[in-house]
Amino acid sequence: MERKKSDDFDQDENQAQNKVLVEAAFRNTPVPPWTKQITVRAMATSFILSIVFNFIVCKLNLTTGVIPSLNVAAGLLGFAVLKAYTTVLTKVGLLKQPFTRQENCVIQTCVVASSGIAFSSGTASYILGMSGTIAAQGDEGNTPINVKNPHIGWMIGFLFTVSFLGLFSIMPLRKIMITKYKLTYPSGTATAYLINSFHTPKGAKLAKKQVGVLFKSFCFSFVWAFFQWFYTAADGCGFASFPTFGLQAYAQKFYFDFSSTYIGVGMICPYMVNISLLVGSILSWGIMWPLIEKHKGSWYSADLLASSLHGIQGYRVFIAIAMMLGDGLYHVAYMLFVTFHNLCCTPKTKEEMKLESSSPPSVNPASTEAGVEVLSENYDEERRVEYFLKDAISHWVAVGGYVALAIISIITVPNIFHQLKWYHIFAAYMVAPVLAFCNSYGAGLTDWSLASNYGKFAIIIFSAWVGPEGGVVAGLAACGVMMSIVATASDLMQDFKTGYLTLSSPRSMFFSQVLGTAMGCVMSPLVFWIFYKAYPLGDPNGSYPAPFALMYRGMALLGVEGVGSLPKNCVKLAVSFFVAAIVINLITELLKRYETKYRLYRFIPSPMCMAIPFYLGSYFAIDMCLGSLILFLWQRKNKQKADDFAPAVASGLICGDSLWGIPAAILSLVNVKPPICMKFLSASANEKVEKLLSGH
């Protein structure tokens with residue numbers, strides 16, 4: 001992927017003179033020192049919002065594992081809470097420090113760091129995959145040495161041990177990534193422009209309306225989830241089990257489950273993501289699994305339980321794994337190629353050379369003398385670079401921090417997971433900084449973090465290295481080590497980009513990321529523990545199937561035992577889908593480069609997204625496609641309003657439905673059950689029930 005040449009956007013001097021200068025709106029606003037950007041009120045707000053977002057991410061992880069970007073919601077809610085607080089203090093004359101965009105950026109960084117740990121902590125994937133509940137779904141690997149049940153103590157200790165290394169591994173490269181290579185980091189850039197807009201008079205007015213819409217959407221979603229609860233007295237009851245398209249379609253997981261969470265997620269995710277999920281569910285549950293089930297008794301034993309990995313469940317899990325690994329391998333290889341190609345072969349553009357030789361922010365002297373202030377055409381970049389380089393963090397601090405934390409981790413992790421030895425952790429930490437750089441660079445170009453893909457490869461490598469005696473737990477734990485480093489490094493660089501565009505100090509970004517990570521290391525296990533104690537997690541037919549727990553354990557079993565234990569023809573099908581995933585990605589990339597007239601690549605589904613419903617079914621894909629349809633119709637009617645308010649509506653739907661999980665879990669823990677079971681039966685089944693109840 002080549003960077004745009006300066007001629008593409010800087011064709012003549014007139015365009016340069018007329019470009020919008022974002023920082024011009026803030027040139028008379030003093031930038032507070034980094035110590036005043038991280039305030040007590042900002043940390044208190046971050047703490048409250050972190051609890052909310054940890055519940056949201058945990059619920060999404062335990063249901064489908066599809067998690068949209070929550071940066072916009074975090075920035076908007078942070079602005080709303082602190083703006084309301086400072087407005088009250090202003091009216092009573094007690095405000096000592098105004099609310100700045102830098103403080104807003106600190107809140108957003110802290111909240112996203114905390115909720116990011118909820119993902120990379122793996123409570124719904126590799127940690128739950130170690131449990132006896134998931135191990136019992138397969139015959140292999142269900143031995144004491146390959147099982148470790150979750151516990152609040154070791155989970156918090158493990159996360160504190162491994163979650164901070166990624167921050168130190170990438171910190172010395174911030175100047176190169178942000179100012180030299182000028183990587184885009186789309187999510188970080190979008191968040192920065194959102195925060196900048198909030199702190200202008202027009203943007204503040206729009207933000208106030210967005211908060212009002214978000215609150216209404218939140219209330220509707222929360223009340224709707226509360227209403228649905230009354231009808232869920234037993235498994236298979238309630239609106240979530242409504243056979244929308246008939247009982248036969250329901251048996252193949254095709255139904256609408258009335259989830260406002262996934263309608264909201266569908267409004268945020270790109271159209272093609274949602275369509276890919278639907279295509280994958282039709283291909284698997286509509287075509288493949290019914291055809292494979294016809295060979296029951298021939299391809300696999302007819303006496304097996306439905307959850308056995310030797311039966312139909314094995315095809316669902318391992319074909320999905322193969323497709324995910326094929327997609328992941330392609331993107332990792334592609335990112336490595338792009339990274340090294342750009343580092344070695346791409347010359348500097350004229351704009352970059354001009355910026356490197358530029359002086360500090362200036363105004364045009366001639367125009368100043370005439371009484372008119374005309375800013376330099378590079379004023380934005382010059383001012384941002386000045387503040388970005390102002391509060392430098394020593395490279396020795398980064399290197400020393402990484403080495404010290406690595407030593408602590410090498411000593412501690414083998415005491416938590418006896419299946420791993422010190423040299424396994426040492427090997428992981430020797431490779432991790434390179435992978436962290438590649439992932440951060442790739443995220444800067446495309447906004448894709450491939451942390452989970454690096455984690456999957458770690459599972460297979462380390463489980464094969466350790467072998468049958470403990471290899472399953474070792475591979476899953478190694479996945480946690482690798483994912484934590486790679487994910488937090490990418491998140492930090494996104495935050496540096498946001499800070500760069502809002503004149504937030506790199507020190508305030510780094511320390512808010514550290515504080516958010518620490519919050520996540522405590523909150524994520526605590527929130528997971530509430531769900532773990534209140535509900536049967538990992539049940540394929542339950543409310544919280546945690547699909548990636550079984551998939552990650554399946555990868556570890558592949559590493560330990562190879563492919564010999566899979567059902568008949570499963571390996572052939574898995575290899576076919578592995579290759580298909582790579583081919584689909586290659587076709588997409590070729591169309592991007594060589595077919596620009598109709599841009600057909602936009603209509604090719606994503607293999608990774610197609611693979612998710614292979615195990616889960618299509619019910620959530622239908623919800624998400626409905627969200628896309630709502631957004632599409634809204635944009636057709638009034639595009640500006642849809643662009644302004646759709647993220648707020650979607651965030652409210654997600655927050656309301658997800659936060660109902662807190663009182664629902666508490667009610668479950670104290671044995672308060674819903675009073676009604678709403679269930680749907682076929683006419684023949686209903687007739688049998690009527691006869692049974694009447695005593696005939």
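The sulfur of Cys609 lies 7.8 Å from the closest cysteine sulfur, that of Cys269, which is too far for a bond. The structure, a predicted model, holds 1 disulfide, formed by Cys237 and Cys677.

- Cys609 is buried, because its relative accessibility of 13% falls under the 20% cut-off.
- For Cys625, the closest cysteine sulfur is also in Cys269, at 11 Å, again too far for a bond.
- Cys625 counts as buried too, with a relative accessible area of 19%.

**The disulfide**
- A disulfide is a covalent bond between the sulfur atoms of two cysteines.
- The sulfur atoms of Cys237 and Cys677 are 1.8 Å apart.
- The torsion about this S-S bond is about -60 degrees, so the disulfide is left-handed.
- The two cysteines are 440 residues apart and link distant parts of the chain.
- Cys237 sits in the loop between α12 (201–229) and α13 (247–251), and Cys677 in the loop between α30 (661–669) and α31 (683–694).
- Cys237 is buried at 5% relative accessible area, whereas Cys677 is partly exposed at 38%.

**Nonpolar cores**
- The largest nonpolar core has 177 residues, of which Leu62, Phe158 and Tyr429 touch the most other members.
- Helix α23 (residues 471–502) gives the most to this core, supplying 19 residues.
- Leaving aside residues up to four places away in sequence, Phe158 touches Tyr126, Val413, Ile416, Phe417, Ala477, Gly480 and Val481.
- A second, separate core has 9 residues, including Ile263, Met267, Leu631 and Leu653.

**Nonpolar surface patch**
- Tyr271, Ile275, Val279, Leu626, Leu629, Ile630, Phe632 and Leu633 form a nonpolar patch on the surface.
- Together these residues have about 630 Å² of accessible area.
- Helices α15 (271–293) and α28 (619–637) each supply at least two residues of the patch, and α28 gives the most, with 5 residues.
- Tyr271 belongs to helix α15 and counts as partly exposed, at 33% relative accessibility.

Conventions: Residues numbered from 1 in each chain as written. Predicted model: local features only at pLDDT ≥ 70, side-chain atom pairs only at ≥ 80, totals over all residues. Heavy atoms only, no water. Core = buried A, V, L, I, M, F, W, Y, C linked by side-chain atoms within 4.5 Å. Buried < 20%, exposed > 50% of the residue type's maximum accessible area, 1.4 Å probe, protein only. Helix = DSSP H or I, 4+ residues; strand = E, 2+ residues; numbered from the N terminus. Contact = heavy atoms within 4.5 Å. Patch = residues over 30% accessible without salt bridge, like charges linked within 9 Å, V, L, I, M, F, W, Y side chains within 5 Å. Areas by Shrake-Rupley, 256 points an atom, 1.4 Å probe, with all protein chains shown as cover. Salt bridge = Lys/Arg side-chain N within 4 Å of Asp/Glu carboxyl O. Disulfide = S-S within 2.5 Å.
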